[in-house]
Amino acid sequence: MRLKDQVALVTGANSGIGKAIALRLAEDGADVAINYIVHPEAADEVVKAIEAKGRRALAVKADVSNVEQVRHMVDTVVEQLGRVDLCVNNAGVQKEIGFLDVTEADWDFMIGVDLKGSFFVSQACARDMVKRGRGCILNVSSVHQEIAKPRFAPYCAGKGGVRMLTKTLAMELAPHGIRVNGVAPGAIATPMNADVLSDKQAEESVIKEIPLGRFGKPGEVAGLVAWLASPEAAYVTATTYFMDGGLVEQVVDYQEPGAGKS
């Protein structure tokens, strides 16, 4: 159990990728704090599943875009589980809306969760980690930190910010023995993609852009996170790993149909 007796905090962990990460970390020996903002019953189910694996678990409600709630959340985790060894910033939101129609409220909502949340959750956890001279912060970003997605400008901006946040925190926290890395998933079969997965034509349209020809699984992302959190990745920091089936490297052919290729 490569994470035996470590304490992890995973934000947005009552469904999808966050849930898979929380369960995998528990399988690898960690005690896990589950952050959520809605659906407390789902968070309780994750807690029970972790406890069934013989690990301690805790569900903490907090809006990661609210600094006061973030600090209270981390204080609660430290008080009840003893410390924070691993922080996984997974909570994220997106909203499809054209650039010209984005309101200040839309911007604040997405940037607040996707970027501000990652910043202040990392800060609160790092303050505890610095005391012990070790720790690990993992930011779950998106291929859209690299690939433009029309009608999702605030989301892409937030994820792009997370990329640079990861690099900068890694440099600043390295002297304290704290590693910071990113994981950028592509198309993953989660509730967030339910509308695409329920539409065969839409699903096939996405799949044809993915070199490996399929959607990823939450457990696959969780496996990468678990490795990055482990001693096996002790020399890895300031890096973002793409879990996207090759999507971000896909070369788009802009030529007209039937045109020659060079």
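**Briefing on a predicted single-chain model**

At 0% relative accessibility, Cys 125 counts as buried, where buried means under 20% relative accessible area, exposed over 50% and partly exposed in between, with a 1.4 Å probe and protein chains only. This is a predicted model, in which local features need pLDDT of at least 70, side-chain atom pairs count only at pLDDT 80 or more, and totals for chains, interfaces and linings use all residues. Residues are numbered from 1 along each chain as its sequence is written, and side-chain values use heavy atoms, with hydrogens and water left out.

**Overall form**
- The protein chain has 8 helices and 7 strands; helices (H or I, at least four residues) and strands (E, at least two) are DSSP runs, numbered from the N terminus.
- For 262 residues, a compact globule would have a radius of gyration near 18 Å, and the 19 Å of the protein chain agrees with this; the radius is taken over C-alpha atoms, and the globule rule is 2.2 Å times the number of residues to the power 0.38.
- Buried residues make up 48% of the 262 in the protein chain.

**Confidence**
- The average pLDDT of the protein chain is 94, and 95% of the residues score at least 70; pLDDT is the predictor's confidence in each residue, from 0 to 100.
- Confidence is highest in β1, at 99, and lowest in helix α6 (residues 194–197), at a mean of 83.
- Over residues 251–262 pLDDT stays under 50, and the model has 3 contacts beyond four places in sequence for them; contact means heavy atoms within 4.5 Å.
- Where pLDDT is low, the predicted coordinates should not be read in detail.

**Nonpolar cores**
- The largest nonpolar core has 36 residues, of which Ile 21, Leu 25, Val 32, Ile 34, Ile 50, Leu 86 and Val 88 touch the most other members; such a core is a set of buried Ala, Val, Leu, Ile, Met, Phe, Trp, Tyr and Cys residues joined through side-chain atoms within 4.5 Å.
- Two or more residues of this core come from each of β1 (7–10), α1 (16–27), β2 (31–36), α2 (40–51), β4 (86–89), β5 (135–140) and α8 (218–229).
- Apart from it lies another core, of 33 residues, including Val 84, Met 110, Val 113 and Ala 126.
- Beyond four places in sequence, the contacts of Ile 34 include Val 10, Ala 22, Val 47, Ile 50 and Val 60.

- Val 77, found in helix α3 (residues 67–81), is buried because its relative accessibility is 0%.
- Among the residues that Val 77 touches beyond four places in sequence are Val 7, Leu 9, Ala 33 and Leu 58.
- Helix α5 (residues 153–173) has 21 residues and reaches 30 Å from its first C-alpha to its last, close to the 30 Å expected at 1.5 Å a residue; the expected span is 1.5 Å times one less than the number of residues.
- The buried residues of α5 pack against α4 (104–132), β5, β6 (178–185) and β7 (240–243).
- In α8, 9 of the 12 residues are buried, and their cover includes α1, β4, β5, β6 and β7.

**Cysteines**
- The whole structure holds 0 disulfides, a disulfide being a pair of cysteine sulfur atoms within 2.5 Å.
- The sulfur of Cys 125 is 3.8 Å from the closest cysteine sulfur, in Cys 87, which is too far for a bond.
- Cys 87 is buried as well, with a relative accessible area of 0%.
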